[in-house]
Each structure stands twice: as structure tokens, then as C-alpha cells.
There are 6 protein chains.
Amino acid sequence: MPTVGMIEYEQAGAEVRAVYDDIMATRKVDWINNFWKVLAHHPPTLKRTWESVKEIMAPGALDVLTKEMIYLAISASNQCPYCIASHTAGARKAGMTDAMLGELMAVVGMANETNRLASGYQVEIDAAFKPKT
Amino acid sequence: MPTVGMIEYEQAGAEVRAVYDDIMATRKVDWINNFWKVLAHHPPTLKRTWESVKEIMAPGALDVLTKEMIYLAISASNQCPYCIASHTAGARKAGMTDAMLGELMAVVGMANETNRLASGYQVEIDAAFKPKT
Amino acid sequence: MPTVGMIEYEQAGAEVRAVYDDIMATRKVDWINNFWKVLAHHPPTLKRTWESVKEIMAPGALDVLTKEMIYLAISASNQCPYCIASHTAGARKAGMTDAMLGELMAVVGMANETNRLASGYQVEIDAAFKPKT
Amino acid sequence: MPTVGMIEYEQAGAEVRAVYDDIMATRKVDWINNFWKVLAHHPPTLKRTWESVKEIMAPGALDVLTKEMIYLAISASNQCPYCIASHTAGARKAGMTDAMLGELMAVVGMANETNRLASGYQVEIDAAFKPKT
Amino acid sequence: MPTVGMIEYEQAGAEVRAVYDDIMATRKVDWINNFWKVLAHHPPTLKRTWESVKEIMAPGALDVLTKEMIYLAISASNQCPYCIASHTAGARKAGMTDAMLGELMAVVGMANETNRLASGYQVEIDAAFKPKT
Amino acid sequence: MPTVGMIEYEQAGAEVRAVYDDIMATRKVDWINNFWKVLAHHPPTLKRTWESVKEIMAPGALDVLTKEMIYLAISASNQCPYCIASHTAGARKAGMTDAMLGELMAVVGMANETNRLASGYQVEIDAAFKPKT
């Protein structure tokens, strides 16, 4: 159970409804997931977070599938159960296959392993990896 | 300075040299970066880690660029300086442009933000996000 | 279910009871929450942890509400479900309103985002931010 | 050295300059710190991040000092060197004394300790800590 | 519910069954725990992960109990519920007593506390702690 | 440079000197490392932290070497540079060999990998891993 109540569309004020409408229109769905119903408790956070997510996750130099997979990878690495569930669904919707999920998780696991080996041994950065000015 | 000494090719025994040779051949480079020289301190870790990285990072259902970007995203999220430096270099070599890096970092930042909002409010997972059996 | 059994007041020895009594007296409550009942499994950890929490959370240069909000902020950032639940309750008891919770979570989310942007791009510390000697 | 170049005011285009001007006006300073000069590499991230930070860190239900201290607490917990340095400076500017810093760090340390004890023993959430519906 | 289906022995192909057989033989048990049944979804990850775990957790310079306790300590620190449950069981099987668990968790908690104090205050590394070349 | 000044023995008041004396006597050394000199800035934190560390790290059901290795493992996993350096030194002093360090780091890396695989796939805890009541 979330630590604050969830705001359903029917109870929501105009500001929250406008965000909900934009979420449904942008994602072409007819329901709002719990994350937004909880954020609606604090309307400025709902609005700002949605606008940021909408801007960041739009196709650009990276396509939607790549962005969703990076989002899922971070959520798996951070071990956020809600985010893993919602972004596994999001990435699958964007085209992620079982084989892609398997490889994605393998990279997440490996990166977490080598991150600790590099930091745990305090490996120094090679000159070749430093950007040229 | 790393907490153990680095093993240069000249000092290395046959087992370590074989790994170094395979790293250089696979990556088509003529030098070994510090990470491996430190791991060489414990040859079984060097061998196992390299073989895992080699298998995981080979092109498959995901291409090399996507894998390198996920690796970089995790390293940035975990704040591992060595890994950020080496995988920024690796992803650029695989074709990551400045615009792609900018979008990648935006997703990493956003995911870290929403992961804490979802967990901090203890949002419950929507039934729609649960896999069907 | 916790990985060790919980020690109820009735089963507890004198050392554990003394801590339980002090917790209830200090907090002006008539029950012990599960965290302490699990720690009671290892009495030195129960005693030391309670004495540290009691000392640290007492009003000082920072008031109790500010301390509880910082505790909640860290727990949300670390994604510890038990700690989020107990410190949301604790902070509310100390006076945290819904509006304050909303702003607290917004700061937690933002800090987690910018921490990764700063580290992910390996931004160097400005001379102006370094303490003077 | 950051993994992308920093954009100085003189080199910056109109969009970036507008953000820099707003940062300096809002904070009543005449210089831009490195974080923003690195983000300027990707103007949409610079603009969005600054606008979010500006909105979130403005006084509201929580005052500026409390917000800066929470930001510092998260940065210390996440171990982000740049963010610790910049937000220690920011919190001091907002009025944090040495005694307040000492207590803040004590809470951060303690929360990190008890978070692991609660999760490590898988303590179950007390019914009393669950929000009423 | 995991985000991918679990593969039971009966459904498994030859490659997966070979790994399952080796797990049961190595551990002298007659069942497979859920972790492997989920990884079996992506056979290369199942095989590589099992072979790595088998190699790393075999007795060597460190005995099995010490290795299991370190594994549990990391899992508690990372707050991974599945891993805490499975490695508490694993460490107990290897001989960990209640008193050892109590001390282990105390160290995990303390290390998490002092890690943040050291990083939060940006303490510089003493020359005496740097390895000699 | 730490964010607060360091307190040398000569400058220290009686309360801080008493802690410094106990650190040197307990550890049989004639110098104080930077961590304590920074904590001395806030004497209650210095005293409480030292007393906790002294109690927790004393030999008990686990010997000193095992405790130091767990402390190092957590510090490596958390990527705390100061703590890695000081506890690598501490563990070596307690008898950790190069081979033991190599195996310790391998376990740390592996646990970080499998923690993300278990959480990223949301593997459910097997009934067999749940404690009996």
C-alpha cells in the first residue's frame, strides 16, 4: 500500500486531469497506472515528472526501444520492483523480445560485477580513456 | 593507485598472456587497459571475467552499440569512475554520438529519479504490469 | 517473514527488556515495533543500535522533524520498504504534512537524478566549492 | 576531466545563455559552476534540469535550508563527490552551521546502517506503520 | 511473480538439464531453486552464471562458510530479498550460527554507516593506506 | 580535501584526546588516521562511532580477519575509496593474503551480479528458503 492515497480520475482536479489526459493521449491507452495516481498527491511533482518523462522518452537520437531498455536496465540495477515491472512491460510494448531481455539482463549483471572489481581494486583510469581537450 | 600491483605483459605468465592476447585480438587493439592488468593479479578472475565479458558483449539479439550504451548507463548510475571512462570510450568507438550520449544520460538521470519516487511512496504494481502465466 | 525469530517482551531477558522499556518511555508508546524485536535476537546490536538512534535523533542543532525527514529521505533513496514505512510514520508524528512530504520526495528524486548526471559526466569540482584551509 | 567538453558563456548559443542568465539571476551570483557547463553540452537536459531544480528548491512547505540539507544528505548517502562539495557549499550558504552538518551526517550514517539491518533481516512492516485508507 | 516464466526440469531442453543436473550433483540436493529456473529462460546466462558461481564458491584460500557469509553480507547491503533469503539459508547450511549472523549483520550495518561518513566528509586517503610499489 | 577541517591531537580537547588515546591503545599504533580526525569535528559522532566500531570489530563468534574481510567487501561493493583503502590495509594486517583478496573480490563481484539478476527478473523466494517458525 502506498504511503499516500491514490487519486482516481473522478476525484482529480483540473490540473491533475489535464496531466492524466495527456498521459493517455501520448501513450494511446485508456487508463492511468498507479505511479501517476500516487504522484497526483503532489500536483507539481506529477506535472513536472510527466513532462520530463514525456520529453526524455520521445524518439530522438535514440529510438524508443533503446530508451525503454536503458530505463529497464537502470531499474533492474537499482532493484526497484515497481519500475522493473512497468518498464519490462514498456520495453516489451516497444518491441523487446525474450532474447533481447536475456541479453539486457546479462549486461546489467556483468556491469554490476565489473563496476565493483574496478572500484574495489581502485583501478586508475588509463590515459587513453580520458577525453582529449 | 590500485590496491594490488598491475601485471604487465612482459611479467605475465602463460595463462595471463593467453588472456591478454585474446583481448587484443578480439578488440583489434595492441594494448591492455589497467582493469585487466589489475585482475591479472588473480588469474582465475581475469580469465573468467574476460570470457564472460567477451560472451556477453558479442553481437546477438542486441547490437554492440546498444550493449555498450547499457553498460555505460549502469556504470553512470553506479557512479564507477573507471567504468564510466572506459565505457564512454567503448560506446563512442561503437558509434555513440554526442546526441546519443546526451539522451542516454537523460534517461539514466530520469530513471534514478522515478525509481526513488516509486519506491519512496511504495507504489503498488498494477495488475496490468504483471506477466500472464 | 524475518530471517530470525522476533523476541516478544514476555520472552525477553532482562537486558532486552531494559532496552524495550527505554524505547517505550522515550517514545511515549506502549508497544515495540518489529525492527527492535528482530534485533533483540542479538542483544548487543539491539542495545547499541537503540542507544545510537536515541542519541542521534534527540533534538539538537536540528529539530526532531528535520531529523526524521532526513532519515525518511535516505530510506526512500535507499529503497528500504520497512524504513520508508516506519519513518514516514515517524515524520508525520513529528509534524510532517502532506505538502512537506511532497516536497521532500521531489528533492530526493532530483538529487538522485543530478547525482548521476554529475558523476556520469565526471564533472570536476569547482575551486569555489572546496573548503578554505 | 568530464567526459564531454564544458561550454563557457562566451561560446554558448542563445538557448544556453538564457539558462545561464537565469541561474545567475536566481542565485544572485556572477558565475556558472561546472555542472551546468557540462550539461550545456545537451541543451534540452540543461534547460529541463535547471527548471526542475529551480522549481523544486524554491521555498515552499519546506524552507531552503531544509531542502539543501536533504539534497546534501542524499548526495552523501550516494557518495557523489561533486554533489557533496556543491551542496555542502549550498547548505552553508543557506545557513547550515558546523553543528547542523555534524548532526546531518550522523543521521545519514545511522539511516544507512539501520536500512541494512531492517532489510538484511527482512523485518516485516508493522500494521501500525501502514497508512489507513 | 518473475517477469519471465520459470523452466521446470521436465520442460527443459538438454542444455538446461545438464546445468540443473550439475547444480544438484554439486550441491547434493534433489531440487532446483527458482533463481536457476528463471535464468533458464536464457540458457547462455544460466550456464555462464552457474559455472561462475560454482568456480567462485568452491573452497580455496577462503573456506565455504566465509564465502557464503561475504555473499550474504553483500546481499544484505544491496537489500536483495531473494539473495538474502537464499544466502542466509546457504550460510546456515555451511555452519553459520545465530551468533555469527548477529555479528555479520552488525559489521554490514557499521560499514554502511562509516562508508557514508568517510565519503560524505570527503576524507582523504592516508599515505599509510596506499600500497607500496 | 575534506569538507570540514581535521583535528590534530595537539589541537584537540580532552574528550577528543580520550578517544584518540583509546584508538591508539586498542590498535597498538601511534598515529590517528584521517577518518577520525575529520569525525573529531563533531565529538559525539567521533565517540559514538569509535565505540561502535571497537565493540563490533572485537573478536567474538567471528574472528578479526573475517570481520575485516566483510568490512572490506561492503566497502568495495559500495565503492567507498577511503574505506576500501583503509580496510584493505586493515584486512592485510589481520592476515589477508593476496589469494584471499582475489577470492573475496570475486565473491563481491558475483554477488553484485546475481543480486541484479534475481531482482531484475523478480524471482520469488522459494518456500525452502523461508525460516521455520
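**View 1. Helices around the second largest pocket of this predicted model.** Five helices of chain A supply at least two lining residues each: helix 1 (14–27), helix 2 (34–39), helix 3 (43–57), helix 4 (64–78) and helix 5 (81–93). Chain B joins in with helix 6 (98–120), which also supplies at least two. Helix 5 of chain A gives the most, with 10 residues. The space inside comes to about 980 Å³. Of the 38 residues in the lining, Arg27(A), Glu68(A), Ser86(A), Gly90(A) and Lys93(A) lie nearest the centre. Sorted by class, the lining has 22 nonpolar, nine polar and seven charged residues.

**View 2. The largest cavity, lined from chains A, B, E and F.** This cavity has a volume of about 50 Å³, and the structure holds two cavities of 30 Å³ or more. Chain A brings Met110(A) and Glu113(A) to the lining, and chain F brings Met110(F) and Glu113(F). Arg48(B), Thr49(B) and Ser52(B) line the cavity too, along with Arg48(E) and Ser52(E). Helix 3 of chain B gives the most here, with three residues. By class, the lining splits into two nonpolar, three polar and four charged residues.

**View 3. The second largest cavity, lined from chains A, B, C and D.** Here the volume is about 40 Å³. Two or more lining residues come from each of helix 3 of chain A, helix 6 of chain B and helix 3 (43–57) of chain D. Helix 3 of chain A gives the most, with three. The class count is one nonpolar, three polar and four charged residues.

**View 4. A salt bridge between Arg48(F) and Glu55(C).** The two side chains meet at 3.4 Å, N to O. Arg48(F) sits in helix 3 of chain F and Glu55(C) in helix 3 of chain C, so this pair joins two chains. Over all chains, the structure holds 42 salt bridges.

**View 5. Where chain B meets chain F.** On the chain B side 10 residues are in contact with 11 residues of chain F. About 700 Å² is buried between these chains, with carbon and sulfur atoms giving 54% of that area. Thr3(B), His41(B) and His42(B) supply 54% of what chain B buries against chain F, more than any other three residues. Salt bridges across this interface number zero.

**View 6. Chains C and D superposed.**

Terms used
Residues numbered from 1 in each chain as written. Chains lettered and ligands numbered in written order. Predicted model: local features only at pLDDT ≥ 70, side-chain atom pairs only at ≥ 80, totals over all residues. Heavy atoms only, no water. Least-squares fit on C-alpha atoms with pLDDT ≥ 70 in both. 1 Å grid on protein atoms, 1.4 Å probe; cavity = no way out; pocket = protein on both sides within 12 Å on 5 of 7 lines; lining within 4 Å. Points joined across faces, edges and corners; volume = space filled by probe spheres on them. Helix = DSSP H or I, 4+ residues; strand = E, 2+ residues; numbered from the N terminus. Nonpolar A, V, L, I, M, F, W, Y, C, P; charged D, E, K, R; others polar. Contact = heavy atoms within 4.5 Å. Buried area = accessible area lost by both parts, 1.4 Å probe. Salt bridge = Lys/Arg side-chain N within 4 Å of Asp/Glu carboxyl O.
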